[in-house]
Amino acid sequence: MDYYRIAFYAFGAVTVLAALVAVWSRNLIHAGMGLLLSLFGVAGLYALAGADFLAVVQILVYVGGIVILLLFGIMLTQRITGRAPRTGVTNRLVGALAALAVLGVLLAALLRAGFAELPWIAQAGQINEQTLPPAGSTVERLGRLLVGEYLLLFEVAALVLTIALIGAAYMARRSRDEGARPRRMT
């Protein structure tokens, strides 16, 4: 077995096991740490697949931003309320049945899809040096596309995100009349 397969199985195992910890843990901090480790495993799988930009974005945005913010929120909320962060989920049987139902639907969809008949999968066995994408980092190519061909779309996305940020800051600001309470949405 080569190193690539060993790394693939290791990242896959880390992703699945950490996701199970995130789902089954009753302690929110442990669940958040499981989610963090699972997202690291997904980033490793992206890196193995040659999508280095996606791997870096996965770590920066999801691991570095969202999960850390979630964990800080849980820890700060615990200090305010003085209670241990625990979930009150006790209906595992219903959850397991729902998960099995979704798994059955997904497997049925996969079996009916007929992936072997798709032209790009049929051509996958005919890959040679000329059909492979250029080797190396994808970051440079993505950067050239973002500041070249897709510059207008990139700027529109930046404008939309800025408007959303200003709106969120406006909704979260404190009013003088309401004291320390945040504004309510109507």
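Predicted model: local features only at pLDDT ≥ 70, side-chain atom pairs only at ≥ 80, totals over all residues.

Student: Why is Ser25 called buried?

Tutor: Its relative accessible area is 18%. Buried means under 20%, so Ser25 qualifies. Ser25 sits in the loop between helix H1 (3–24) and helix H2 (28–48).

Student: What makes the approach of the Ser25 side chain to the backbone oxygen of Asn27 a polar contact?

Tutor: The distance is 3.1 Å. The limit is 3.5 Å, so the pair falls within it. Asn27 also has a side-chain oxygen that reaches to within 2.9 Å of the backbone nitrogen of Ile29, at the start of H2.

Student: How do you know that the span of H2 is close to the expected one?

Tutor: H2 has 21 residues. The expected span is 1.5 Å times one less than that number, which gives 30 Å. From first C-alpha to last, H2 reaches 30 Å.

Student: What makes Asp2 and Arg5 a salt bridge?

Tutor: Their closest N and O atoms are 3.8 Å apart. The cut-off is 4 Å, so the pair counts.

Student: Why is Asp2 called partly exposed?

Tutor: Asp2 has 41% relative accessibility. Exposed means over 50% and buried under 20%, so Asp2 falls in between. Arg5, at 48%, is partly exposed too.

Student: Why is Arg144 called exposed?

Tutor: Its relative accessible area is 58%. Exposed means over 50%, so Arg144 passes. Arg144 forms a salt bridge with Glu140, at 3.1 Å between the closest N and O atoms. Both lie in helix H6, four residues apart.

Methods. Residues numbered from 1 in each chain as written. Heavy atoms only, no water. Helix = DSSP H or I, 4+ residues; strand = E, 2+ residues; numbered from the N terminus. Buried < 20%, exposed > 50% of the residue type's maximum accessible area, 1.4 Å probe, protein only. Polar contact = N/O pair within 3.5 Å; in protein donor to acceptor, adjacent residues only side chain to side chain. Salt bridge = Lys/Arg side-chain N within 4 Å of Asp/Glu carboxyl O.
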